[in-house]
Amino acid sequence: MSYICSLIHLALFLSLSYNTIGEYHLDTNQKPQTYIISIQNNLKPSTFSNVEEWYKSIVRKTNSNPDDSLLHVYKTVFHGFSARLRPDQADSVKAQPEVTHIFLDEIYQLHTTRTPHFLGLDTYHRPMGLLKDSDLGSNVVVGVIDTGIWPENPSFSDEELGPVPSHFRGECKGGENFPPHLCNKKIVGVRYFSSALTNNESKSARDDYGHGTHTASTIAGRTKPENVSFFGYANGQITGLAPKARLAIYKVCWKFGCIGADVLAALDKSVEDGVDIISISLGGPTRRYTMDPIAIGAFGALQRGVFVSASAGNSGHSEGSLSNSAPWITTIGASTIDRTFPADVILDNDIVLTGSSLYTGDPLPENKTFPLTHFSSNMSKQLCLQDSLDEKEVKGKIVICSPGMSDRVQKGVVVKKASGVGVIIAMNDPSISNNDTLKSDPFMIPGLTIPFAATTKLMDYIGKQQVKKATLVFRGTQIGRVSAPVVAAFSSRGPNTLSIYVLKPDMIAPGVDILAAWPNNISPTKLSEDPRRSDYNVLSGTSMSCPHVSGIAALLKGAHPDWTPATIRSALMTTAYNGYHETTPRQNPKQLTFWDTGAGHVDPTKANDPGLVYDLSEDDYIDFLCASKYNDKEIKMIVKRPVSCDKKNVQLWDLNYPAIIVTSDLEDKMIFRSLTSVDSVTSNYTAKIVSPKGTNVIVSPLELKFRSKGEKLSYSVKVSALDEGSLQSGGLGSLTWTDGKRNVTIPLMVA
């Protein structure tokens, strides 16, 4: 599991092999497994008063007791149920005429004081612009599907909040150690779904892991007048992105992970409860949409006008590594902000190697250096794994450890137990070449992480015996890094392996070293050796970037209640930027593609007034599924109504997505898009084209004249190769429609 997600230790990862759509290989091991079953509800016999009793009768036909095996009944975003069945029982269920689809469940993994200012949202005491227009999100309810919440944290105070929005119908069902009075006008609803519960865990929505508390406060934590910090780091006034928005909490993640059946149940219940936004900072391997509980549930949310944002994943820079790729989900990658926590390795040849650290203890003695040691021939020692280090070899030394196989802070604990005085985590991944994408860790011993470039220098000096000793110095918090935002090295990349013409991730947002709320009964590292406790913690991951967009979406929904999920996403994508925060160059040293950044870095102020949007209806997505060769039965399972693809003549690339991705087979073919005005005045827009290298791009017409709000106009794009050649993959460009004031920009890329 990625070090970013190590807050939840997954003991299992379910790997499924499929032979045909909606089928599973029969397992000769007859132990019960979790299945999700889609039911055609219009076939319910009149003898049953409700679908739940009918579903129980279906389970009884397998000689299974539904009171023991039935897990969840889905009524809103999905029609059907989940149950624990043996494979032979699942075969029996599948054979029944009312069953349209059955598939095995999977286990998902879990993928601020400075970021509101960095995003231009820092005038909370005198709100302006988007903050004023939305009343800081006061009439918006955000459903957070995660590890629960620690309700006593100061970020969840309801002081001076108005009544709970009348459209929300949820309840406070927090279970053990979560009495109803802990819900308030900030935490307006609480539920838990416990299929993954272990015997030593309580049935409660209380957050025993920290992840959900952190994401919830990032979305809608209250503005605190006093400064807060993580043991002095990131000191400042803390606030969520939408500080008056309400939180509805749906706990689905436990010690051994997040069961898909529970996630689907949370999606189902949250939409029934009346949330406006859903935030999901978890994901799993890419699966067909018909076998992906998040994709299925998110489509049902879309049908009710609910915006769903999800994390892209923390699988790093490998192509096609991202999760949550359905086009009706807004998928978020992670980026840095302009705040850093630098720390230095000062070698005895006076060379300084800079890394990053959140070490909270006493510094090493001044004017003293310590021997360096590194175990190159023993892998366990090189990785500083548990019980691998000998005190005779380590005592009084700074140990250089390689990353991997255990948590970075845990490596420091191993060094400390062997009487070492410090630890250097030396990154060996070339993608982490400098400090721009380095995450910080709260070491319990003087320790820091250095990037690949510094690791190379250090090992070279040691190999040539040019250095033997060093010391470590910690510089605290520094603000003003020019080279930000930069895509985090851990952030999962596109392309979308299921749908190449759908850009994923959609955008990037702050996700590195984010300060937010934390349960004060658990340590910031979750290590048993860590005695520290804090109301706030610094975490990194796309789990942190997703709630930033969820909070911004809450503001946009509050300012524009009539905006659809696709309108909100379009506004965010077409106003995103691709340079550094206050300069214009593209990120160096490696030029990025839209597979890394999506449309770019989110800009909430500009998103509040996009001028034009690329809207999408439910029928547009159905056309997309038809073009993707899903059959009528599969699509019916997702959309919960009959569908016929026979007479549809639609193309995958014509989905009205805010991006145009061209493949070689699309050369000289027309690609169509439509724009809808969200402006109340007449406006004229002109096309500005930045052609990908080696291409000629023709847009027709070059001018669009909108006379009223809601008017929709279409245009076509044709891309061809220059000089009678063929289209070369990797070319990057853009298409902007501008009225002189606003720029509505989408990526244009040759895949």
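**Close-up views of a predicted model**

View 1. S29 and strand S31 (residues 670-677) form an antiparallel pair with two bridges; two strands count as paired if DSSP finds at least two bridges between them. Strands (E, at least two residues) are DSSP runs, numbered from the N terminus. Leu612 sits opposite Ser677 in S31. The open sheet has four strands in the order S29-S31-S35-S33, with antiparallel pairing. Its edge strands, S29 (612-613) and S33 (695-700), each pair on one side only. This is a predicted model, in which local features need pLDDT of at least 70 and side-chain atom pairs count only at pLDDT 80 or more, while totals for chains, interfaces and linings use all residues. Residues are numbered from 1 along each chain as its sequence is written, and side-chain values use heavy atoms, leaving out hydrogens and water.

View 2. Beyond neighbours within four places in sequence, the contacts of Ser82 (heavy atoms within 4.5 Å) include Tyr35, His72 and Ala261.

**View 3. Leu572 in the largest nonpolar core.** Ile278, Leu282, Trp328 and Leu572 touch the most other members of this core of 117 residues. A nonpolar core is a set of buried Ala, Val, Leu, Ile, Met, Phe, Trp, Tyr and Cys residues joined through side-chain atoms within 4.5 Å.

Conventions
Buried means under 20% relative accessible area, exposed over 50%, partly exposed in between (1.4 Å probe, protein chains only).
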